[in-house]
Amino acid sequence: MPMTFDLDTIEADQRESALRELLSQNPVPIDVTTGGENQLRVTTTADFFGALFMVSCNGRGAMVHRGERRATEDHQRTMMLSVVTSGNSVFRHNDTISDAARGDVVPYSSTLAYSATFDGVAKHTFMIGYGALGLPDQTLEAQLGRRFNRGHILGGIVARYLADLGTHAVYLPDAERHALEQPTLELL
């Protein structure tokens, strides 16, 4: 059963610290900057698909990021893929800026600093160890921060699959979710 979290259940003056604590517990800890507790609204659903971790977020009033300090911490190198299901999010990864809208997918890495706006957006983010993808680092890193979308045939297939995975498959029993790990890795 997925873990769910709704900031509206927390007192307004404790929301920012509660969100920081939640994001620090992800397999790849993420920092957050907010526009103030009155603007902050976030709901999340998270669970594993085998070794893949997925967190779905819907909300406003924040920017999520991994700064240089977090990026250089000792951790398993992880590729993150975010698929936007509604709204827009601006991703900054190195010198690449991508304005992602519904149906866009943006990959980024835990080993490099990045940020993403979170203001009136819903998205699913998948965290996948580099080794599980079985691709050369230079192939993976050439895609970082660049969005691919519905306008490209394969991009559309991947975006719809990831959106369905985050929206529906997250509620499958553990064994069925785990069975989706390998097909997902092969598609990616």
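Helices here are DSSP runs of at least four residues, numbered from the N terminus. With that in hand, here's a quick tour of this predicted model, starting with the pocket, where H5 is the top contributor to the lining of the largest one, giving 3 residues.

**The largest pocket**
- Its volume comes out at about 370 Å³.
- There are 15 lining residues, and Leu81, Pro107, Gln143, Phe148 and Leu188 sit closest to the centre.
- Two or more lining residues come from each of S6, helix H4 (137–141) and helix H5 (153–167).
- The lining splits into 11 nonpolar and 4 polar residues, with no charged ones.

- As background, nonpolar side chains in soluble globular proteins tend to be buried together.
- In this model the largest nonpolar core has 28 residues, and the members touching the most others are Leu7, Leu19, Phe91 and Met127.

- Beyond its neighbours within four places in sequence, Phe91 is in contact with Ser82, Val84, Thr96, Ile97, Ser98, Ala100, Val106, Tyr108, Ser115, Ala116 and Lys123.

- Ser115 belongs to strand S10.
- Its relative accessibility is 12%, so it counts as buried, the cut-off being under 20%.
- Skipping residues up to four places away in sequence, Ser115 touches Met63, Val64, His65, Val90, Phe91 and Arg92.

**Met80, in strand S6**
- Look for Met80 in S6, which covers residues 78–86.
- Met80 has a relative accessible area of 0%, so it's buried.
- Setting aside neighbours within four places in sequence, Met80 has contacts that include Val28, Arg66 and Thr125, along with Phe126 and Met127.
- Met80 also meets a run of residues from Val106 through Pro107, Tyr108 and Ser109 to Ser110, and it contacts Tyr114 as well.

Conventions
Residues are numbered from 1 along each chain as its sequence is written. This is a predicted model: local features need pLDDT of at least 70, side-chain atom pairs count only at pLDDT 80 or more; totals for chains, interfaces and linings use all residues. Side-chain values use heavy atoms; hydrogens and water are left out. Buried means under 20% relative accessible area, exposed over 50%, partly exposed in between (1.4 Å probe, protein chains only). Contact means heavy atoms within 4.5 Å. A nonpolar core is a set of buried Ala, Val, Leu, Ile, Met, Phe, Trp, Tyr and Cys residues joined through side-chain atoms within 4.5 Å. On a 1 Å grid over the protein atoms alone, a cavity is a set of points where a 1.4 Å probe fits but cannot get out, and a pocket is an open set with protein on both sides within 12 Å along at least five of seven lines; lining residues have an atom within 4 Å of a point. Grid points are joined across faces, edges and corners, and a volume is the space filled by probe spheres set on the points. Ala, Val, Leu, Ile, Met, Phe, Trp, Tyr, Cys and Pro count as nonpolar, Asp, Glu, Lys and Arg as charged, and the others, Gly among them, as polar.
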